[in-house]
Amino acid sequence: MDYANALLDLVGDTPLVRLRRVTDGASPLVLAKVEYFNPGGSVKDRIATRMVEAAEKSGDLQPGGTIVEPTSGNTGVGLAMVAQERGYRCVFVCPDKVSEDKRNVLTAYGAEVVVCPTAVPPEHPNSYYSVSDRLVREIDGAWKPNQYANENNPRAHYETTGPEIWKQTEGRITHFVAGIGTGGTISGTGRYLKEVSDGRVQIIGADPHGSVYSGGTGRPYLVEGVGEDFWPDTYDRDVCDRIIEVSDADSFSMTRRLAREEAMLVGGSAGMAAAAAIRLAREIDDPDAVVVVLLPDGGRGYLTKVFDDDWLARFGFLTPPRGEQTVGDLL
Ligand code: PMP
């Protein structure tokens with residue numbers, strides 16, 4: 001019989017899919033690593049298992065313990081899946097800009113969620129970093145994976161995402177593009193691809209306008225899960241050859257195009273990474289170039305945001321014609 005023993009055994013080995021229409025005639029092959037094929041729906045499933053296993057081994061997480069983590073949702077889903085499998089309690093701390101849909105997903109998996117304001121600095125007592133630290137101190141048997149400083153975050157990508165891409169492209173990848181949140185994806189995958197290619201593969205970070213990685217000060221932006229207002233330990237500053245800055249408008253426009261033109265319903269950070277990858281591809285005058293862009297999660301968690309015309313209009317973004325029309329509009 002052909003079956004998985006547990007859902008967690010299905011993490012990784014996500015497909016590469018060619019982008020055909022949104023490339024607007026760029027000559028290199030542009031391939032998307034579609035991470036919503038992971039069982040929890042995002043790239044973060046990869047790091048959750050590794051971080052928990054390492055904490056069990058070191059004794060930081062004991063049987064019956066509680067996992068406490070500041071997360072914008074995806075890491076929470078991954079951790080909640082591992083926690084269920086192994087009998088831990090989960091408490092997640094989210095900034096208030098994270099969509100309600102995403103928070104509801106966490107509670108559906110059986111986790112508890114605490115919401116904190118986005119518009120305060122990280123050192124503020126109500127920031128989601130500070131609140132999670134306080135919960136760790138106060139809950140008995142609590143362990144904080146701290147994806148922003150946990151070496152098992154980039155390591156998961158060094159050991160899985162990087163080798164998968166190298167194998168899938170038969171070593172022909174020339175450019176790797178990914179957004180940067182904790183930096184785990186780009187640092188781990190990028191370091192592997194640099195090493196295995198003797199430095200030939202170019203690593204390109206995509207970053208929201210306003211974030212520190214592209215020289216900003218942490219000014220607010222709307223795209224979720226990427227960009228930071230501080231430099232996390234999990235980001236390897238030596239790995240990126242270049243950072244491409246992308247505006248919210250371009251990120252959201254590409255997110256919508258991916259759904260309508262490639263049938264890829266993905267989140268805003270995927271649209272941001274794809275916008276950067278296509279900008280890059282259009283500059284490359286080499287038909288043998290192979291650009292791989294990582295799309296971190298699916299779009300269902302953002303239906304009331306990126307995919308909602310009124311929400312986009314509220315922030316002054318131009319929108320394509322409404323998807324839903326009356327019979328009168330169509331005649
Ligand atoms: N996109 C989304 C939706 C995310 O949740 C994250 C993780 N914060 C990222 C991109 C960035 O990945 P990383 O943390 O590995 O840099």
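Two strands pair if DSSP finds at least two bridges between them; strands are DSSP runs of E with at least two residues, and helices are runs of H or I with at least four, numbered from the N terminus. The model is predicted: local features need pLDDT of at least 70, side-chain atom pairs count only at pLDDT 80 or more, and totals for chains, interfaces and linings use all residues. Residues are numbered from 1 along each chain as its sequence is written.

**Exercise 1.** Determine which strands pair with β3 and in which sense.

Solution. Start with β4 (residues 89-95): five bridges connect this strand to β3 (residues 66-70) in the parallel sense. In that pairing, T66 has R89 as its bridge partner. Next take β6 (residues 142-143), which runs parallel to β3 and is joined to β3 by two bridges. Here I67 has W143 of β6 as its bridge partner.

**Exercise 2.** Decide whether the faces of β3 are covered or open.

Solution. Apply the burial cut-offs: a residue is buried if 20 or more other C-beta atoms, placed from the backbone, lie within 10 Å of its own, exposed if 12 or fewer, and partly exposed in between. In β3, five of five residues are buried. Then sort the residues by side. In a regular strand the side chains alternate between the two faces of the sheet. T66, V68 and P70 lie on one side of β3, I67 and E69 on the other, and both faces are covered.

**Exercise 3.** State what share of the chain is buried.

Solution. Under the cut-offs of Exercise 2, buried residues are 51% of the 331 residues. The chain that holds them has 10 helices and 10 strands.
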